[in-house]
Amino acid sequence: MADIKGIDSVSSLAAFINSLGYKAEAKLLYIPDFGFPDSVKKILEDFYLLSDYEKRFQIFFVKIPALTRTNYRNIIESFNSRFPQVNTLFIFTTDWSEISFVNPERIVLDVGKAKLKLKILTVDREYIYHTDHYVSRQT
């Protein structure tokens, strides 16, 4: 299995995902095709599809200027408003020193109303712990 410490590019991230048993190949996406609002477009530096299981489950890589819950929420809510049927895993970084794995769970509150619960694991590649921190928040 590939070591998470060796992830320093989109291609090494795809190799890491492959080592976990997922089929992965980095495909650069054209951001305007997704209909993101301007506020989201401003923070999207890179946007890749890493893995696609017939649109039932997809893994995306996103490079952004800051690893914050607000950035994660804005990007994922915009994506989910257009593609609510897709189960996703988003992987975020700014400079590869830290990598955040964000799994959004859509919680239906009422007809036409849903809330996102973000499950976040942020890994500092230099200081990996056996039980790295895990945060689950509703946004």
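**View 1. Arg-69 in helix 3 of the predicted model.** In this predicted model, Arg-69 belongs to helix 3, the element that covers residues 69–82. With a relative accessible area of 40%, Arg-69 is partly exposed, because that value lies between the limit for buried residues, under 20%, and the limit for exposed ones, over 50%.

**View 2. Arg-69 and Val-102.** Although 33 residues separate Arg-69 from Val-102 along the sequence, the C-alpha atoms of these two residues lie 9.6 Å from each other in space.

**View 3. The helices and strands of the chain.** The secondary structure consists of three helices and seven strands, and these elements follow one another along the sequence in the pattern α-β-α-β-β-α-β-β-β-β. The radius of gyration of the chain is 15 Å, close to the 14 Å that the globule rule gives for 139 residues, so the chain is as compact as a globular protein of that length. Taken along the principal axes, the box filled by the C-alpha atoms is roughly 45 × 30 × 30 Å.

View 4. Of the 139 residues in the chain, 39% are buried.

**View 5. Surface and charges of the chain.** The chain has an accessible surface of about 8000 Å², and carbon and sulfur atoms contribute 49% of that surface. The chain carries 18 positive and 17 negative charges, and the mean position of the positive charges is 8 Å from the mean position of the negative ones.

Terms used:
Residues are numbered from 1 along each chain as its sequence is written. This is a predicted model: local features need pLDDT of at least 70, side-chain atom pairs count only at pLDDT 80 or more; totals for chains, interfaces and linings use all residues. Side-chain values use heavy atoms; hydrogens and water are left out. Helices (H or I, at least four residues) and strands (E, at least two) are DSSP runs, numbered from the N terminus. Buried means under 20% relative accessible area, exposed over 50%, partly exposed in between (1.4 Å probe, protein chains only). The radius of gyration is taken over C-alpha atoms; the globule rule is 2.2 Å times the number of residues to the power 0.38. Accessible areas come from the Shrake-Rupley method with a 1.4 Å probe; for residues, only the protein chains shown count as cover. Lys and Arg count as positive and Asp and Glu as negative; His and the chain ends are not counted. The place of a charge is taken as NZ of Lys, CZ of Arg, CG of Asp or CD of Glu.
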